[in-house]
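Work through the exercises below with the sequence and the model at hand. Try each task before reading its solution.

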Amino acid sequence: MELPSESKEDYLYWKHHQSGRYSVKTGYYFLCKDQVIDNFSFSTKSENFTKIIWRLNILPKWKIVLWKLIHDGLAVKVNLTHRGIAINAMCDFCELDMEDSQHLFRFYSLAKAVWENSPMTFCHDMTGFPSLRSWIQHFILLFYSEDGKHSARITRLIATLWGLWLARNKRIFNRDEITIATTTELVNIALKEHEVFTGGTTDKSSTRAGIGWATSGHNQSHTFDGGGRYGTASSALHCETWACLEAIKWVIYQGKEEVLILSDSALLLENLRSERGHDISIVWMIEDIRTKAAHLRICIISKVKRDQVQQANDIAKKCRCTLSNLVL
Ligand SMILES: [Zn+2]
């Protein structure tokens, strides 16, 4: 080390950053840098993974929990102690290990049982994952490569993580008794609240139209949820807008509070985005959609490819051809 040629006053120096100054930012850099080296080999994969997460058609609250999970930022007991909160970090469910993310979401008896009972066939207890992040990343990338962006397995994986987290909080904060059955039920509720497809068809030679909507049906019993109507419409756009409106009414009637609606009509989305729908034939329906959607806590309408709303389109076609309503 270089020494000064004459005597100097002492001063504080933070050796972990070139600036020599300690701040929250340079302190954070110091804490993260080893982690960055650990994850270095994953970096390209990680980048893809991050992009995939933000692209998934899932509820925003799920994205946020997933984001926190992969950055190990959820308030599990071990993380709370890292933040300086003096609590006993032992898992109070099994009292066999510390409550960190890996324990809570993978290794403790209830989590294991929930994964084992899941209809998703995958090797959840595969070893070789040093962190929960690497485990989640591995399976999301795998499902994404095999099933694509709308992978039902990705949705179920995230819903299961979500259900485990809710179950843990109910157990700790509400002192609810949590079993495999109640946790599985929370997962199923999460899956059901999450998507509605809408679609409509018109008969080109007349104004006869049919509309349909259906939920993604991730539930184990494979029961159908949705409905359809027949009537008249002046255009395909008119028909799609009507389908969207009826789907929202149905969602409200079902007592759901959060919904992601998928439609294959780019024109509908364009009209919904503009201050007032430009197409005069649907102006009032668009306004109705906005008013109804305001009753929901979250309502997201997104454009998807036609094959994704196939089920709803099939219902719409059936209603149009048989002149019948399908109300469940
Ligand atoms: Zn435990």
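The model is predicted, with local features requiring pLDDT of at least 70 and side-chain atom pairs counting only at pLDDT 80 or more, while totals for chains, interfaces and linings use all residues. Residue numbers start from 1 along each chain as its sequence is written.

**Exercise 1. Domains**

Task: State which domains the assignment gives for the chain, and describe the side of domain 1 that touches domain 2.

Solution: 
- Step 1. The assignment gives domain 1 as 40–192 and domain 2 as 196–327; such bounds come from an automatic or database domain assignment.
- Step 2. Taken over C-alpha atoms, the centres of domain 1 and domain 2 are 32 Å apart.
- Step 3. Ten residues of domain 1 are in contact with ten residues of domain 2, where contact requires C-beta atoms, placed from the backbone, within 7 Å.
- Step 4. On the side of domain 1 that touches domain 2, the elements giving two or more residues are α8 (152–173) and α9 (180–192). Helices (H or I, at least four residues) and strands (E, at least two) are DSSP runs numbered from the N terminus.
- Step 5. That side of domain 1 has four nonpolar, four polar and two charged residues. In this classification Ala, Val, Leu, Ile, Met, Phe, Trp, Tyr, Cys and Pro are nonpolar, Asp, Glu, Lys and Arg are charged, and the others, Gly among them, are polar.

**Exercise 2. The pair α10 and α12**

Task: Determine at what angle α10 and α12 pack, and which residues make the contact.

Solution: 
- Step 1. Helix α10 covers residues 236–253 and helix α12 covers residues 283–293; their axes are 10 Å apart, at an angle of about 20°. Axes are lines fitted to C-alpha atoms, for helices over the stretch in contact, and angles run from 0 to 180 degrees between N-to-C directions.
- Step 2. With that angle, α10 is roughly parallel to α12. The classes are roughly parallel under 35 degrees, roughly antiparallel over 145, roughly perpendicular from 65 to 115, and oblique for the rest.
- Step 3. The crossing of α10 and α12 is left-handed, a term for a near helix turned anticlockwise from the far one by less than a right angle, with clockwise giving right-handed.
- Step 4. From α10 the contact takes T241, W242, C244, L245, I248, K249 and I252, and from α12 it takes M285, I286, D288, I289, K292 and A293.
- Step 5. Sorted by class, the residues of this contact are nine nonpolar, one polar and three charged.

**Exercise 3. The pair α6 and α9**

Task: Describe the packing of α6 and α9.

Solution: 
- Step 1. Helix α6 (residues 109–117) packs with α9 at an angle of about 60°, and their axes are 10 Å apart.
- Step 2. Because of that angle, α6 is oblique to α9.
- Step 3. The crossing of α6 and α9 is right-handed.
- Step 4. In α6, L110, A113, V114 and N117 meet I180, T183 and T184 in α9. This contact has four nonpolar, three polar and no charged residues.

**Exercise 4. Positive phi**

Task: Locate D72 and E95, and decide whether each is buried, partly exposed or exposed.

Solution: 
- Step 1. D72 lies in the loop between α3 (60–70) and α4 (77–82), and its phi is near 50°, positive in a residue other than glycine.
- Step 2. D72 is partly exposed because it has 17 C-beta neighbours inside 10 Å. Buried means 20 or more other C-beta atoms within 10 Å, exposed means 12 or fewer, and partly exposed lies in between, with C-beta atoms placed from the backbone.
- Step 3. E95 lies in the loop between α4 and α5 (101–107), with phi near 55°, also a positive value in a residue other than glycine.
- Step 4. E95 has 8 other C-beta atoms within 10 Å, so E95 is exposed.

Note on methods:
Contact = placed C-beta atoms within 7 Å.
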